[in-house]
Amino acid sequence: MREQCPVCGSTDLVLTNGTYSTGCGCLGLLLFGWVGLLLGLLGLGNYELVCKHCGSRWPVGKPHQANRGTGCGCFFLLLIIIIIIAAFGCKSHNLSIEDGAWQLKSVQTRTPITLFVEKDGSFYGYGGVNRYFGKLAVPFKNGEFAIKGTPGVTMMFGPDLNKEQNYLKALTAADQWKINSNRELELYSNGKKTAVFEYKPEIRPNK
C-alpha cells in the first residue's frame, strides 16, 4: 500500500534529506546572535517524506510525527518577538524627561548626581554635595529646556563641590533635551551636548 500524507491523505510525496529552516535560523539569530543560525540545521541529514500538496513533513516510517507547521511556527514566533521588540522600542522612543529619574553619567562623585522632573515643571535632585531644586517652563514640547530663574541650592560643603558647581552651570545653561536610543537623557546648550543621564526610575524618591 502506497504511503499517504497523515494530514491531507495525498499520495503525492517526495523523499528529502532534510532542509535548512530559514524561519528557525532567523529566530536563532534574533535570540542567540550569529551562532543561533545553527537552529536552522535541526533535522538536516534526517530522511523525511514531504507532502507536495499540503507541505507536511515527517521522518520516514513515522507518519504520526507529521508536522505541518514547524517552519511556519518558527516564522510566527519570530514575528511575535519582532512585534514585542518594536513595541518596546516605541515605548523607549516616547519616553519623556518627566517620566523617570535620571542619574548623571561620566562625572564621578561620592554620591551620584541626580535629576528628577515632574509633569508640572518642578525639578530637583542631588548635585553631589547639595540638594537643588527649581522650575522648568512647560509643556516640554519640541525638547525645549528652560529653567525659570535661578535654581535653589542648599549650602553644604564637600570635596565634590567643584564638580557640583560645573554641573549646575551646565544645567542652567541647557536649552534643549532629548532621549537617545539607549533611553538616556541628553541636555544641550546652543547645539552642544553638555550632559548625559542614565534612565533610573527606581531611584525616584517616594512622595
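Let me start with a term: a residue is buried when its relative accessible area is under 20%, exposed when over 50%, and partly exposed in between, using a 1.4 Å probe and protein chains only. One more: helices are DSSP runs of H or I with at least four residues, strands are runs of E with at least two, and both are numbered from the N terminus.

Now, where this comes from. This is a predicted model, in which local features need pLDDT of at least 70, side-chain atom pairs count only at pLDDT 80 or more, and totals for chains, interfaces and linings use all residues. Residues are numbered from 1 along each chain as its sequence is written, and side-chain values use heavy atoms, with hydrogens and water left out.

The overview first. The protein has 3 helices and 11 strands. From the N terminus, the order is β-α-β-β-α-β-β-β-β-β-α-β-β-β. There are 207 residues, and 37% of them are buried. Next, contacts, meaning heavy atoms within 4.5 Å. Take the contacts between residues at least 6 apart in sequence: 52% of these join residues at least 24 apart.

Let's go to helix H3. H3 covers residues 161-173. How far apart are its end C-alpha atoms? They are 18 Å apart. The expected span is 1.5 Å times one less than the number of residues. For the 13 residues of H3 that should give 18 Å, so the two agree. Which residues of H3 are buried? They are Leu161, Glu164, Tyr167, Leu168, Ala170 and Leu171. Keep a general point in mind here: an α-helix has 3.6 residues a turn, so residues three or four places apart point the same way.

Rings of Phe, Tyr and Trp (its six-membered ring) pair if their centres lie within 6.5 Å; planes under 30 degrees apart are stacked, over 60 edge-to-face, and the rest tilted. By this rule there are 5 aromatic pairs. One of them joins Phe123 and Tyr132: the centres are 6.2 Å apart, the planes 50° apart, and the pair is tilted. Phe123 has 3% relative accessibility, so Phe123 is buried. Tyr132 has 2%, so Tyr132 is buried. Why is the pair of Tyr167 and Phe197 called edge-to-face? Because the planes of Tyr167 and Phe197 stand at 70°, with the ring centres 6.1 Å apart. This pair links distant parts of the chain: Tyr167 sits in H3, Phe197 sits in strand E11 (residues 192-199), and the two are 30 residues apart. Tyr167 is buried at 5%. Phe197 is buried at 0%. Ring pairs link Phe123, Tyr132, Tyr167 and Phe197 into a cluster.

Next, a pocket. The search uses a 1 Å grid over the protein atoms alone: a cavity is a set of points where a 1.4 Å probe fits but cannot get out, while a pocket is an open set with protein on both sides within 12 Å along at least five of seven lines, and lining residues have an atom within 4 Å of a point. The second largest pocket has a volume of about 150 Å³. Its lining includes Leu104, Tyr167, Ala170 and Ala195. The elements giving two or more residues to this lining are H3 and E11. H3 gives the most, with 4 residues.

Buried or exposed? Ala195 is buried, at 9%. Ala195 lies in E11. Ala195 and Ala170 are 25 residues apart in sequence, but 7.4 Å apart in space, C-alpha to C-alpha. Leaving out residues up to four places away in sequence, Ala195 touches Leu104, Leu185, Glu186 and Leu187.

Last, the backbone. Most residues other than glycine have a negative phi, and most peptide bonds are trans. Here are some exceptions. Val138 and Pro139 are joined by a cis peptide bond, with omega about 0°. Pro139 is in the loop between strand E7 (131-135) and strand E8 (152-153). Arg183 has a positive phi, near 60°. Arg183 is in the loop between strand E9 (176-179) and strand E10 (185-189), and is buried at 18%. Asn190 also has a positive phi, near 55°. Asn190 is in the loop between E10 and E11, and is exposed at 73%.

Methods. Grid points are joined across faces, edges and corners, and a volume is the space filled by probe spheres set on the points.
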